[in-house]
Amino acid sequence: MQARAATPTKEARWPRLASIAHDNKKVDLVAWATFNRDNFARFELIATRHTARLVREKVGLDGAEVLSGPEGGDAQIAARVAEGSVDALQPDYSHVLHPALARGNRVVSY
């Protein structure tokens, strides 16, 4: 991420936020991320390809990019949730992309 106020200690790390947005929700996500940019910047972002690129280009925040949803990016994020390497999940609930994400949302709280 860009321009963080402080650096975590060796033992600590930035919380990881996974973000998935369906095509008809991407504009809403960019608006939300822009409005909440300072708070959003406190997370290490992991997002599906187009979502990550939009956040990078429109909001100015960088993060890890996985495959697009149709190529399996939702499954990659679901795997990270299952591994415990994601602290928060900010999915678009207009449809369930991957069944593990529904289970992951019950496990991951934000």
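The model is predicted, and local features need a pLDDT of at least 70, side-chain atom pairs count only at pLDDT 80 or more, and totals for chains, interfaces and linings use all residues. Residues are numbered from 1 along each chain as its sequence is written, and side-chain values use heavy atoms, with hydrogens and water left out.

Let me begin with the chain as a whole. It has five helices and four strands; helices (H or I, at least four residues) and strands (E, at least two) are DSSP runs, numbered from the N terminus. Read from the N terminus, the order of the elements is β-α-α-β-α-β-α-β-α.

The chain has 110 residues, and 38% of them count as buried. Here, buried means under 20% relative accessible area, exposed means over 50%, and partly exposed lies in between, with a 1.4 Å probe and protein chains only.

A contact means heavy atoms within 4.5 Å. Among contacts between residues at least 6 apart in sequence, 57% join residues at least 24 apart.

I turn now to a pair of helices. How do the axes of helix 1 and helix 3 cross? Helix 1, residues 26-35, and helix 3, residues 49-59, have axes that come within 10 Å and cross at roughly 45 degrees. That angle makes helix 1 oblique to helix 3. For reference, angles under 35 degrees count as roughly parallel, over 145 as roughly antiparallel, 65 to 115 as roughly perpendicular, and the rest as oblique. Axes are lines fitted to C-alpha atoms, for helices over the stretch in contact, and angles run from 0 to 180 degrees between N-to-C directions.

On the side of helix 1, the contact is made by Lys26, Leu29, Val30, Ala33 and Thr34, and on the side of helix 3 by His50, Thr51, Leu54, Val55, Lys58 and Val59. These residues divide into six nonpolar, three polar and two charged. Ala, Val, Leu, Ile, Met, Phe, Trp, Tyr, Cys and Pro count as nonpolar, Asp, Glu, Lys and Arg as charged, and the others, Gly among them, as polar.

Is Leu29 buried or exposed? Leu29, in helix 1, is buried, because its relative accessible area is 7%. Leaving aside neighbours within four places in sequence, Leu29 is in contact with Ser19, Ala21, Thr51, Val55 and Gln90. Leu29 and Gln90 are 61 residues apart along the chain, and their C-alpha atoms are separated by 9.6 Å. Ala31, also found in helix 1, is partly exposed, with a relative accessible area of 47%.

Finally, I come to two loop residues. Ser68 sits in the loop between strand 3 (63-66) and helix 4, and is buried at 17% relative accessible area. Beyond neighbours within four places in sequence, Ser68 is in contact with Thr48, Arg49 and Gly73. Val86 belongs to the loop between helix 4 (73-83) and strand 4 (88-91). With a relative accessible area of 5%, Val86 is buried.
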